[in-house]
Amino acid sequence: MEITEIRRLIDLEDTHRWFRERRAVLRAEVRGLGQARSRPGRALDIGAAGGGNTRVLAEAGWDATAADPSEEAAGAARARGLTTVRADARALPFEPSSMDLVTAFDVLEHVQEDYLVAEEIARVLRPGGHALIAVPCDMTLWSAHDAAVGHVRRYGRDSLTVVVERAGLEVERVWSWNVLLRPFVAMHRRRSAGSDLRRMPALVNAGLSAVVRAERYLPVRSLKGVTLFLRARLRR
């Protein structure tokens with residue numbers, strides 16, 4: 001991702017409905033994982049950017065580390081008081097079996113060798129540890145936005161599952177997110193000439209957030225959305 005896009009992401013991640021509502025999904029998932037353990041353990045947030053998701057992990061009690069290949073992003077996360085390393089997701093600077101949880105939101109689609117990232121996630125996880133992954137879904141939604149932010153591909157459920165399972169992880173769940181807004185996003189992306197990462201009017205941001213929050217109470221996770229979430233576990 002170009003440095004201008006990284007800076008824009010860091011600037012927007014605290015307020016933009018996309019990042020804010022996605023953190024709510026992460027918060028719910030890690031709460032469940034933490035409750036299943038005697039206490040939260042070590043967590044690694046790959047592709048952390050400014051550390052928005054890393055902060056969710058830390059607030060939930062995890063010993064969390066932000067990792068990002070960009071010095072700009074790593075510096076922003078470090079400035080927010082987070083433990084941070086600059087690292088390529090294809091060669092993580094951590095010992096095998098050293099993490100209880102790895103998150104990788106909007107990472108795999110940026111890497112040609114996505115299988116190497118999945119293998120690294122499996123390598124650093126302890127047996128029984130979990131991975132939470134989010135990727136953009138469905139190549140029919142491919143647009144100038146994807147090219148502008150450095151995407152290599154968008155995923156289907158099967159293609160994402162194959163990459164994760166070949167790395168030795170056991171997929172527990174795959175679900176769609178941003179389902180209700182998919183028609184709006186598809187229409188907007190067809191007219192898009194570049195990145196969609198931009199500040200929007202507060203009322204529009206709030207309205208779109210409300211639509212995304214409604215998905216928590218509706219049976220739509222099996223339908224097509226804009227993003228795919230996956231939760232996997234390293235076999236014991």
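Reply: Buried here means under 20% relative accessible area, while exposed means over 50% and partly exposed lies in between, using a 1.4 Å probe and protein chains only. The model is predicted, so local features need pLDDT of at least 70 and side-chain atom pairs count only at pLDDT 80 or more, whereas totals for chains, interfaces and linings use all residues. Residues are numbered from 1 along each chain as its sequence is written, and side-chain values use heavy atoms, with hydrogens and water left out.

Seven strands form an open sheet in the order E3-E2-E1-E4-E5-E7-E6, and the pairing is mixed. Strands (at least two residues) and helices (H or I, at least four) are DSSP runs numbered from the N terminus, and two strands pair if DSSP finds at least two bridges between them. The edges of the sheet are strand E3 (83-86) and strand E6 (169-177); each has a single partner strand, so one side of each is left without a neighbour in the sheet. On average, neighbouring strands of this sheet are turned by 15° against each other, direction ignored. Axes are lines fitted to C-alpha atoms, for helices over the stretch in contact, and angles between N-to-C directions run from 0 to 180 degrees.

Strand E5 (residues 125-136) and strand E7 (residues 227-234) run antiparallel and are joined by seven bridges. In this pairing Leu 132 of the model has Arg 231 in E7 opposite it.

Two helices lie across this region. Helix H5 (residues 114-124) lies across strand E1 (42-46), strand E4 (99-105), E5, E6 and E7, and runs at about 150° to E5. Helix H7 (residues 157-166) lies across E5, E6 and E7, with its direction at about 155° to E6.

His 130 belongs to strand E5. Its relative accessibility is 9%, so His 130 counts as buried. Contact is defined as heavy atoms within 4.5 Å. Not counting residues up to four places away in sequence, His 130 touches Leu 33, Asp 100, Leu 101, Val 102, Leu 125, Glu 172, Arg 231, Ala 232 and Arg 233. With Glu 172, the side chain of His 130 also makes a polar contact of 3.2 Å. Such a contact is a pair of N or O atoms within 3.5 Å; within protein, one must be able to donate a hydrogen and the other to accept it, and residues adjacent in sequence count only if both atoms are side-chain atoms.

Rings of Phe, Tyr and Trp (its six-membered ring) pair if their centres lie within 6.5 Å; planes under 30 degrees apart count as stacked, over 60 as edge-to-face and the rest as tilted. A second pair involves Trp 177 and Phe 229: the ring centres are 5.9 Å apart and the planes stand at 75°, so it is edge-to-face. This pair too links distant parts of the chain, with Trp 177 in strand E6 and Phe 229 in strand E7, 52 residues apart. Trp 177 counts as buried at 5% relative accessibility, and Phe 229 is buried with a relative accessible area of 2%. One aromatic cluster is made up of Trp 18, Phe 105, Trp 175, Trp 177 and Phe 229.

The side chain of His 16 reaches the backbone nitrogen of Trp 18 at 3.0 Å. His 16 sits in the loop between helix H1 (3-12) and helix H2 (17-35), and with 8% relative accessibility it counts as buried. Leaving aside neighbours within four places in sequence, His 16 is in contact with Arg 198, Met 200 and Asn 205. Between His 16 and Arg 78, which are 62 residues apart in sequence, the C-alpha to C-alpha distance is 21 Å.
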